[in-house]
Amino acid sequence: MRKTGALTLAALALALAAAPTMAQDERAWSELDDVRVATGAYHSLDAAIADGFAPFGLDDPEVATCFDNETGGMGDHYVRNIDDTVSVSDPEAMVYEITPEGATRLVAVEYIVPQEFVEDEVGNVVSLPSLLGQDFHKHSFLPVYILHAWVWDQNPDGLHADFNPDVSRCPTV
């Protein structure tokens, strides 16, 4: 009888310890649904552009820069409202895969905060943003902190990975 009581207490303690994690996971899934609702219209690139998203171009501001690396593709970014404010339902970037046929396909969203709002003047992180239960991370070469969410295309490397091995690499000219 005593052994059963101890096992029951242990199971109860384990369940109580897991409860916050389950609540956080449930909130994160609910927030992902909010992202999908807020960005569903942007499957049409024309709708995104009409709503203020503009190509993010490194070489030419009128032409979106496609990002990829050896681990996979990411795609073209169309951005708006990049500042110190982040909201689950208002991502700063829509990320479009360029298919082998040359079409655009919405695959992810990206949240972006300029480095100046995250770091102090000597480079210490003083205000690291987080959304969807994840901290942002510093971009590999741009002066921004970012968080991807692959809400429109599954990513085997993870929901918040920067690159997706299942997304087409950038077309070569």
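Student: Which residues lie nearest the centre of the largest pocket?
Tutor: This is a predicted model: local features need pLDDT of at least 70, side-chain atom pairs count only at pLDDT 80 or more, and totals for chains, interfaces and linings use all residues. Residues are numbered from 1 along each chain as its sequence is written, and side-chain values use heavy atoms, with hydrogens and water left out. On a 1 Å grid over the protein atoms alone, a pocket is an open set with protein on both sides within 12 Å along at least five of seven lines, a cavity is a set of points where a 1.4 Å probe fits but cannot get out, and lining residues have an atom within 4 Å of a point. The largest pocket has 18 lining residues, and nearest its centre lie Phe 67, Glu 110, His 139, Leu 142 and Ile 146.

Student: How much space lies in the largest pocket?
Tutor: Grid points are joined across faces, edges and corners, and a volume is the space filled by probe spheres set on the points. For the largest pocket, that space is about 280 Å³.

Student: How many residues of the lining of the largest pocket are nonpolar?
Tutor: Ala, Val, Leu, Ile, Met, Phe, Trp, Tyr, Cys and Pro count as nonpolar; Asp, Glu, Lys and Arg count as charged; the others, Gly among them, count as polar. The lining has four polar and two charged residues. The nonpolar count is twelve.

Student: Which strands each supply at least two residues of the lining of the largest pocket?
Tutor: Helices (H or I, at least four residues) and strands (E, at least two) are DSSP runs, numbered from the N terminus. The chain has two helices and nine strands. Those that each supply at least two lining residues are β3, β5 (104-114) and β9 (144-149).

Student: Is His 77 buried or exposed?
Tutor: His 77 is in strand β3, residues 72-79. Its relative accessible area is 4%. Buried means under 20%, exposed over 50%, and partly exposed in between (1.4 Å probe, protein chains only), so His 77 is buried.

Student: With which side chain does the side chain of His 77 make a polar contact?
Tutor: A polar contact is a pair of N or O atoms within 3.5 Å; within protein, one must be able to donate a hydrogen and the other to accept it, and residues adjacent in sequence count only if both atoms are side-chain atoms. The His 77 side chain also reaches the backbone oxygen of Gly 75 at 3.2 Å. At 2.7 Å, its side-chain partner is Glu 110.

Student: Why is β5 largely enclosed by the rest of the structure?
Tutor: β5 pairs with β4 in the antiparallel sense over six bridges, and its pairing with β9 is antiparallel over six bridges. β5 is largely enclosed because, of its eleven residues, the number buried is nine.

Student: Which residue in β9 does Glu 110 stand opposite?
Tutor: Contact means heavy atoms within 4.5 Å. Leaving aside neighbours within four places in sequence, the contacts of His 77 include Glu 110 and His 148. Across from Glu 110, the residue in β9 is His 148.

Student: How far apart are the C-alpha atoms of Leu 147 and Asp 135?
Tutor: Leu 147 is in strand β9 and is buried, at 2% relative accessibility. Not counting residues up to four places away in sequence, Leu 147 touches several residues, including Val 109, Tyr 111, Asp 135 and His 160. Leu 147 and Asp 135 are twelve residues apart along the chain, and their C-alpha atoms are separated by 7.5 Å.

Student: Is Leu 132 buried or exposed?
Tutor: Leu 132 is in the loop between β6 (130-131) and β7 (134-135). Its phi is positive, near 55°, though the residue is not glycine. Most residues other than glycine have a negative phi. At 6% relative accessibility, Leu 132 is buried.

Student: What is the phi of Asn 81?
Tutor: Asn 81 lies in the loop between β3 and β4 (93-98). Asn 81 is partly exposed, at 47% relative accessibility. Asn 81 is not a glycine, yet its phi is positive, at about 55°.

Methods. Two strands pair if DSSP finds at least two bridges between them.
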